[in-house]
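Dear colleague,

My notes on what was found in it follow directly after.

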Amino acid sequence: MFDMLHGGNIMRVAIYTRKSVYSDNSESVKNQARMCREYVSMHFPGENHDFTTYEDEAYTGADVQRPSLQLLLETIKSDAVDLLIVYQLDRLSRDVKDFTDIYGLLSEHGVQFASVKE
């Protein structure tokens with residue numbers, strides 16, 4: 001996307017974070033978001049990044065019916081995201097079929113995907 005006001009490219013980055021209510025040993029949603037921003041800055045230098053964070057705290061990864069995930073998927077469908085980044089794959093989904101469906105949606109809308117840990 002070309003930004004006429006700033007005279008450069010802006011990469012619209014969606015950060016998705018999730019922490020289960022059942023786990024105390026996983027990274028906090030705030031730490032996940034911080035690590036995602038650092039990863040993007042390191043791996044996509046020279047870009048202007050517009051970060052939007054979608055956060056589901058106290059939700060299991062076994063179910064995709066999470067409020068922020070559903071909002072993120074709608075935002076992707078409206079072609080308003082260039083890159084989706086997660087801290088690790090299981091933050092997005094623990095079910096291979098659900099992940100495959102989400103990845104298909106990303107591909108359909110030209111959205112790049114990255115995971116910090118994988």
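Leaving aside neighbours within four places in sequence, Ala 33 is in contact with Ile 15, Thr 17 and Thr 53, where contact means heavy atoms within 4.5 Å. Ala 33 is found in helix α1, residues 29-43; helices (H or I, at least four residues) and strands (E, at least two) are DSSP runs numbered from the N terminus. At 7% relative accessibility, Ala 33 counts as buried. Here buried means under 20% relative accessible area, exposed over 50%, and partly exposed in between, with a 1.4 Å probe and protein chains only. Ala 33 and Ile 85 are 52 residues apart in sequence, and their C-alpha atoms are 9.1 Å apart in space.

Please note that this is a predicted model, in which local features need pLDDT of at least 70 and side-chain atom pairs count only at pLDDT 80 or more, while totals for chains, interfaces and linings use all residues. Residues are numbered from 1 along each chain as its sequence is written, and side-chain values use heavy atoms, with hydrogens and water left out.

Overall architecture

The protein has four helices and five strands. From the N terminus on, the order of its elements is β-β-α-β-α-β-α-α-β. Of its 118 residues, 41% count as buried. Among contacts in the protein with a separation of 6 or more, 72% are between residues 24 or more positions apart.

The nonpolar cores

A nonpolar core is taken here as a set of buried Ala, Val, Leu, Ile, Met, Phe, Trp, Tyr and Cys residues joined through side-chain atoms within 4.5 Å. The largest one has 16 residues, of which Tyr 16, Leu 69, Leu 72, Ile 76, Leu 84, Leu 92 and Ile 102 touch the most other members. Two or more residues of this core come from each of β2 (8-19), α2 (67-77), β4 (83-86) and α4 (96-108). Helix α2 gives the largest share, four residues. Leu 72 touches Ala 14, Tyr 16, Tyr 54 and Leu 84, not counting residues up to four places away in sequence. There is also a second, separate core of 13 residues, which includes Met 11, Val 13, Tyr 39 and Val 40.

The pairing of α2 and α4

How do the axes of α2 and α4 cross, and within what distance do they come? They come within 9 Å and cross at roughly 30°; axes are lines fitted to C-alpha atoms, for helices over the stretch in contact, and angles run from 0 to 180 degrees between N-to-C directions. The two helices are therefore roughly parallel to each other, a label given to angles under 35 degrees, with over 145 counted as roughly antiparallel, 65 to 115 as roughly perpendicular and the rest as oblique. α2 passes α4 in a left-handed crossing, meaning that the near helix is turned anticlockwise from the far one by less than a right angle, whereas clockwise would be right-handed. From α2, the contact is made by Leu 69, Leu 73, Ile 76 and Lys 77, and from α4 by Ile 102, Leu 105 and Leu 106. By class, this contact has six nonpolar, no polar and one charged residues. In this count Ala, Val, Leu, Ile, Met, Phe, Trp, Tyr, Cys and Pro are nonpolar, Asp, Glu, Lys and Arg are charged, and the others, Gly among them, are polar.

Individual residues in loops and strands

Most residues other than glycine have a negative phi. Ala 58 has a positive phi of about 70° although it is not a glycine. Ala 58 is placed in the loop between β3 (48-57) and α2, and is partly exposed, with a relative accessible area of 41%. Asp 79, also not a glycine, has a positive phi of about 60°. Asp 79 lies in the loop between α2 and β4 and is partly exposed at 43% relative accessible area.

Ser 93, in the loop between α3 (89-92) and α4, is buried at a relative accessible area of 6%. Not counting residues up to four places away in sequence, Ser 93 touches Gly 61, Arg 66, Asp 98 and Phe 99. Ser 93 and Ala 62 are 31 residues apart in sequence and 6.4 Å apart in space, C-alpha to C-alpha.

Lys 19 is found in strand β2 and is buried, with a relative accessible area of 13%. Between Lys 19 and Asp 56 there are 6.7 Å in space, C-alpha to C-alpha, although they are 37 residues apart in sequence.

With kind regards
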